[in-house]
Amino acid sequence: NNDIIKDLENFKNLDETNSIIDVEERNEIIIIRIYGKDHPGILSEIVAGISLSQLNILDARVYTLSNGMIVDYFYAKSVMNDKKFEKDDFDEIKKNINYCIDNENIDFKKSFYNKLYFWMPKNFLSSLSTHVEIKQIENNIYYLSIQSQDFPGILYFVCDFIFQKGYSIEKSKINTRGFRVYDGFYLKINKKLKNREILSLSRELESHINDLKNEIMGKRKFLS
């Protein structure tokens, strides 16, 4: 993407005191561009802020630069199909992202439950299997691939799981097609995992996703 290449070149001239959150709409897609100082858990915080803005993330490009800064791009749509965005809506998205970055101990599950009201019509009968696979790419770099049913907060919970394990996300590719997500993450893990540890980690994350899916989607009956 030429825009990303151009941004990466321009951001080289900024120092770590600079941060940017830019929101715009193109062809009914909300594009969120973020440049700022990296810290543990920041991706899950950004994703939470976007989700709490009643947006469904369709695609994302996430980069960690050698100078300790991040350049992230998120492409999203409103969960409300007839939503018309104004400048105030863009400001609210920025506010939600900053709020999630600046505050700890937020109970995001309750907010994701609220999002279900808009999800019920399209996801009511959807129930798709989950598949998680982890492969070592080189030394301390591992590739995590996830296929799962989409549900409110899934990307946040995956990123938070990775953060809680003490791993860092070097790069990711997020893709949502209909009711299904196809997400990939390049993880930096500061130790060599044995094959049985990789398999155990994959099964743990797969179980974690399924438990959350059942819990959050199970709330539908209280919203109907």
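Two exercises on a predicted model follow, each with a worked solution.

Residues are numbered from 1 along each chain as its sequence is written. Local features need pLDDT of at least 70, side-chain atom pairs count only at pLDDT 80 or more, totals for chains, interfaces and linings use all residues, and side-chain values use heavy atoms, without hydrogens and water.

**Exercise 1.** Determine which residues of helix α1 are buried and where they lie around its axis.

Solution.
1. Helices (H or I, at least four residues) and strands (E, at least two) are DSSP runs, numbered from the N terminus.
2. Buried means under 20% relative accessible area, exposed over 50%, and partly exposed in between (1.4 Å probe, protein chains only).
3. In α1 (residues 2-11), the buried residues are I4, D7 and F11.
4. Viewed down the axis of α1, these residues fall within an arc of 65 degrees (taken from the directions from the helix axis to the C-beta atoms), so they line one face of the helix.
5. N2, I5 and K6 are exposed on the other side of α1.

**Exercise 2.** Identify the salt-bridge partner of K165 and explain why the pair ties together parts apart in sequence.

Solution.
1. A salt bridge requires a side-chain nitrogen of Lys or Arg within 4 Å of a carboxyl oxygen of Asp or Glu.
2. K165 pairs with E204, their closest N and O atoms being 3.0 Å apart.
3. K165 lies in the loop between α5 (154-164) and β7 (168-177) and E204 in helix α6 (residues 195-217), so the pair ties together parts 39 residues apart in sequence.
4. K165 is partly exposed at 34% relative accessibility, and E204 is partly exposed at 36%.
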